Amino acid sequence: MNEVVLTLEDLRKACSPGGSSALVEVTRMAPAGGPHCTVAPGRYVTKVGSNPTYNFGIRYVDGEPKVTVVIDSGQSQSNRGEIAVERGRRDASSVIHAILARIPTIEVDYDGEKFSDWNLPHRVFDAHIRAGYVDGEPVTKNSIYRSARDSNQENARALMDLSPISLTNGSWDATRKSHQGRYRSALESEIIGVLADQSTTRPEPNLSGGARVDPVAASVKLDKKTMTALADNQRDELSKGNYDSILKEAKAAGNDVTSASKLGLGAIPPTLEALGGVACSQIIRSHVLSFATLRQLRFGLDAEGDIARRVVLAALGIVVMALANDELYIRANCNLVELDYPETVLDERYGKKRFIAPITVEHAGKLLEDAVAYATQVGELDWHGQVFEVQGDTSILHSATDDQSGEGK
């Protein structure tokens, strides 16, 4: 393992004109159960209502084109790091809680349940924030929020002071009719798998078996009146799509009986219908922190002040990366282990590279502490854990449902 550690001076040079293009970290991984085990990649639909599938494609791996699958997308990896930061901000037992608690954030309060720009998908420009209120007035009319929303790459100071994660991990004010803020993510991450079977570029996903055992009765069939009554008793807890489907089946049965399986009653025999796992010969996690992206940002300061603020954003990206790595929790049936320490490389331009020691959570936290102290001195940074509080529109909360079927819309 390389013992040369990344320093604040490295970040300062990288965030200066002509500095490093990127910091790259690559980790070789494997299924926790061994090479014979499959892993469950992320699922995608090609269009709304279509059946989910996996994201297969060709990548250049070890000098050859290989058929691969996306196990965890860039957005998913970013979200894992953001969720970990949010937990660390709230959990005093986190080893870097003190510095995480100083990061400015936005919180939307829905009757006591709070969501922040760290877990809302569009960060500072998220619809839940834009639909909320501050001191009884729409947030879009608030001067602090408007200043952040009106920021651009030539002066992103107001946005950094309100929601720095929106610059590090990217954000887009897509619904605004003009002057849309667009900030590409400086941190790009993903986990891919090289398929064990390289015989086709159009692989067919494995299927997994599913079943349900009901110890009370293998089959439960009910008449229309009973089925409707049971559905009505649970109507507040059933999705609209499921409730309507149950009533439709009960009505179609007429004077006969029909299966109560949609109410969760009775057994379901084993079937091969759902997408299964994928066999991989290699699994690779990569993170790329683009200093070139950060160098596009300015903050209305002198050269050193702008550099200092970029350094803070770079250190924040490294914290997100380190925390995303810290817990290898992906999804069900996707348990992974590292095969070795990450290979971490700092680009030094024109083909030159410097290998550095893997970045731990503690080291990432120390880099952020030092970066904040530096920017406080020369970049007019003032991070003291300020929270921009937004009262969520309760009409949104009262209309919320977990039904993703699209029925009734």
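**View 1. Ile129 and the residues in contact with it.** Leaving aside its neighbours within four places in sequence, Ile129 is in contact with Ile106, Val108, Leu120, Arg123, Val124, Val139, Tyr145 and Val390. The model shown in this and the following views is predicted. Ile129 has its place in helix 4, which is formed by residues 127–130, and with a relative accessibility of 0% Ile129 counts as buried. Ser76 stands 53 residues away from Ile129 along the chain, and the C-alpha atoms of Ile129 and Ser76 are separated by 21 Å.

**View 2. Ser78 in helix 2.** Helix 2 is made up of residues 74–90, and Ser78 lies in this helix. The relative accessible area of Ser78 is 6%, so this residue is buried, a term that applies under 20%. When its neighbours within four places in sequence are left aside, Ser78 is in contact with Arg123, Asn169, Leu187 and Val320. Arg123 is also among the residues in contact with Ile129.

**View 3. The aromatic pair of Tyr54 and Phe56.** The structure holds two aromatic pairs. In the pair shown here, the ring centres of Tyr54 and Phe56 are 6.2 Å apart and the ring planes stand at 80°, so the arrangement is edge-to-face. Tyr54 counts as buried because its relative accessibility is 4%, whereas Phe56, at 21% relative accessibility, counts as partly exposed.

**View 4. The aromatic pair of Tyr110 and Phe115.** Tyr110 and Phe115 form an edge-to-face aromatic pair, in which the distance is 6.2 Å centre to centre and the angle between the planes is 70°. Tyr110 counts as buried, with a relative accessibility of 4%, while Phe115 has a relative accessibility of 28% and therefore counts as partly exposed.

**View 5. Arg349 over the ring of Tyr350.** Arg349 lies over the face of Tyr350, and its distance from the ring centre is 5.4 Å.

**View 6. Asn325 in helix 11.** Asn325 has its place in helix 11, which runs over residues 303–326. With a relative accessible area of 10%, Asn325 is buried. Apart from its neighbours within four places in sequence, Asn325 is in contact with Glu25, Arg285, His287 and Glu338.

**View 7. The packing of helix 11 and helix 12.** Two packed helices are described by the angle between their axes and the distance between the axes. Helix 12 consists of residues 361–378, and helix 11 packs with helix 12 at an angle of about 165°, the axes being 8 Å apart. Because angles over 145 degrees count as roughly antiparallel, helix 11 and helix 12 are roughly antiparallel to each other. The crossing in which helix 11 passes helix 12 is left-handed.

**View 8. The protein chain as the setting of the close-ups.** The protein chain contains 13 helices and 19 strands, and its C-alpha trace spans about 80 × 60 × 40 Å along its principal axes. The chain has 409 residues, of which 43% count as buried. Among the contacts in the protein chain between residues at least 6 apart in sequence, 76% join residues that are at least 24 apart.

Conventions. Residues are numbered from 1 along each chain as its sequence is written. This is a predicted model: local features need pLDDT of at least 70, side-chain atom pairs count only at pLDDT 80 or more; totals for chains, interfaces and linings use all residues. Side-chain values use heavy atoms; hydrogens and water are left out. Rings of Phe, Tyr and Trp (its six-membered ring) pair if their centres lie within 6.5 Å; planes under 30 degrees apart count as stacked, over 60 as edge-to-face and the rest as tilted. Buried means under 20% relative accessible area, exposed over 50%, partly exposed in between (1.4 Å probe, protein chains only). A charge sits over a ring if NZ of Lys or CZ of Arg is within 6 Å of the ring centre and within 35 degrees of the ring normal. Helices (H or I, at least four residues) and strands (E, at least two) are DSSP runs, numbered from the N terminus. Contact means heavy atoms within 4.5 Å. Axes are lines fitted to C-alpha atoms, for helices over the stretch in contact, and angles run from 0 to 180 degrees between N-to-C directions. Angles under 35 degrees count as roughly parallel, over 145 as roughly antiparallel, 65 to 115 as roughly perpendicular and the rest as oblique. A crossing is left-handed if the near helix is turned anticlockwise from the far one by less than a right angle, and right-handed if clockwise.
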